[in-house]
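Dear colleague,

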Amino acid sequence: MTPELRTERLVFLPYRPEHEDVFVELLRDEEVCRWMGQDLVPEPQIREVFRAILTDIYPQGRFDVWGLWLEGRYIGHAEVKPTGNVEGHELVTALAPGYWGRGLGGEAVRGLLRHAAANLGLAEAYGMVGAENTASLAMCTRLGFRHLRDVVGDDGSVTKLLVIPTAAAGTAAVMQPPATGTGTGATDGGPVPGGAPGAEGLAGAGNAGEAG
């Protein structure tokens, strides 16, 4: 079961049905899709993906997926999921553009790393970041990610496959508050999975925006 997590400023909440509209809003943002390496997809498909999170991914415990909240506002999306690129787990984050440049992307990734180490027992984690996403690549370098190789898509696009030891986030565990709600109604954004029911991996390539 995906736990609720907290970092200094962020609350990682498992999605609930009332979060559907903000998830759709995030994934309909052209800038977010661009840096996630995704094409804009029709709204009904995004809604189908969201419902798959609730009806497939969570019930089957396939991987951890959260909405990111700051002071009661939905500001982005995060995942820790098995990756098809290597044997291991990939970190995925996406922030609404209005929250880029405030260090929140780095904070979210550090939170995911601590969760991966303390709660999932992972020694390392991977990231996929588009070669043109210089802000996210710079952030990953500062956090301690190491470049493994380039992955070239059918369209010629290049994505950087990165790896980091989970210990790079420090030893403090992410707090897991009791399941009595920090949930709120919401206003603002969420990211894109590549497919529909079953949603094999929400958000294909790595980190959207943020140089923090």
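A salt bridge is taken here as a side-chain nitrogen of Lys or Arg within 4 Å of a carboxyl oxygen of Asp or Glu, and by this rule the count comes to nine. This is a predicted model, in which local features need pLDDT of at least 70 and side-chain atom pairs count only at pLDDT 80 or more, while totals for chains, interfaces and linings use all residues. Residues are numbered from 1 along each chain as its sequence is written, and side-chain values use heavy atoms, with hydrogens and water left out.

Asp-56 is buried (under 20% relative accessible area; exposed is over 50%, partly exposed in between, with a 1.4 Å probe and protein chains only), its own value being 12%, whereas Arg-62 is partly exposed at 25%.

Salt bridges with shared partners also connect Glu-20, Asp-21, Glu-43, Arg-47 and Arg-51 into one network. Within it, Arg-47 pairs with Asp-21 at 2.9 Å, N to O, and this pair links distant parts of the chain, since Arg-47 lies in helix H3 (residues 43–60) and Asp-21 in helix H1 (residues 20–27), 26 residues apart; helices are DSSP runs of H or I with at least four residues, and strands are runs of E with at least two, numbered from the N terminus. Arg-47 also meets Glu-43 at 2.9 Å, N to O, and these two are four residues apart in helix H3, or about one helical turn.

Finally, Glu-71 has a positive phi of about 50° although it is not a glycine, and Glu-71 lies in the loop between strand E3 (64–70) and strand E4 (73–82).
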